[in-house]
Amino acid sequence: VGRWVAAENASAVAAFSSLCYGFGGLVEEAVRKSLSGAVPVGLISGAREDQTISHFLPPQGGPYWRTPGDVPETLCAAGSSNRSPAPESDLWNVFFAPFGGLGLTSILWYQGESDTLALPTQAVYGCALATLVGAWRRLFRWPRGATPHLPVLVVVLHAFHCRLPLGNAVVRAHQLAVCRTQPAMYPVPAWDTSSHVR
């Protein structure tokens, strides 16, 4: 496991997710104002380009895989086309498992563009996302006095994808459905323009 690095200048965070860093700055500013003083905000980025959600899922059948009643039937109906994909788990093992037991106050999740281009996972994205959130809530600790569920903010994909016009709409609908059916999940709207827009 790495070590905490103070973000004193741009070179210290050059390889860090700009979304994560910017969001962390907003959180730090809000906490400072509400508590009338500086409070350090630690950020952990687990970013990898061009990966479907199946890479982030925990190993199936392991201690963090979903349990009965964990995910609403409407999201993971047995025998339907809306089952989660087989987990590849390589990024779970790299980005999440090493931090098991770490205390977090929230998670910001921004992922899904790769699933818009992968029709098999596009169709089961909602089940996969709900499975992942349940796994995080078993893996990490959080101040339960403040909330019974670890808060998860989901950056909802913008409506248009340049290579598959309706692909984002499908994944976006899954993201919103999970936020509606799972406790302490909050959608964060995003707007983006494609470099291929003429």
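How many Å should the 18 residues of helix 1 (residues 18-35) span at 1.5 Å a residue? They should span 26 Å, and the end C-alpha atoms of helix 1 are 26 Å apart, which agrees. The expected span is 1.5 Å times one less than the number of residues. Helices here are DSSP runs of H or I with at least four residues, strands are runs of E with at least two, and both are numbered from the N terminus. Just after helix 1, serine 36 has a positive phi of about 55 degrees.

Before going on, please note that this is a predicted model, where local features need pLDDT of at least 70, side-chain atom pairs count only at pLDDT 80 or more, and totals for chains, interfaces and linings use all residues. Residues are numbered from 1 along each chain as its sequence is written, and side-chain values use heavy atoms, leaving out hydrogens and water.

| Helix | Residues in helix | C-alpha span, end to end |
|---|---|---|
| Helix 1 | 18 residues | 26 Å |
| Helix 5 | 15 residues | 21 Å |

Three strands form an open sheet in the order 1-2-3, with parallel pairing (two strands pair if DSSP finds at least two bridges between them). Its edge strands, each pairing on one side only, are strand 1 (107-109) and strand 3 (185-189). Three bridges join strand 1 to strand 2 (residues 152-156), and isoleucine 107 has valine 152 of strand 2 as its bridge partner.

Helix 5 (residues 125-139) packs on this sheet and touches strand 1, strand 2 and strand 3; contact means heavy atoms within 4.5 Å.

Conventions: Axes fitted to C-alpha atoms, helices over the stretch in contact; angles between N-to-C directions.
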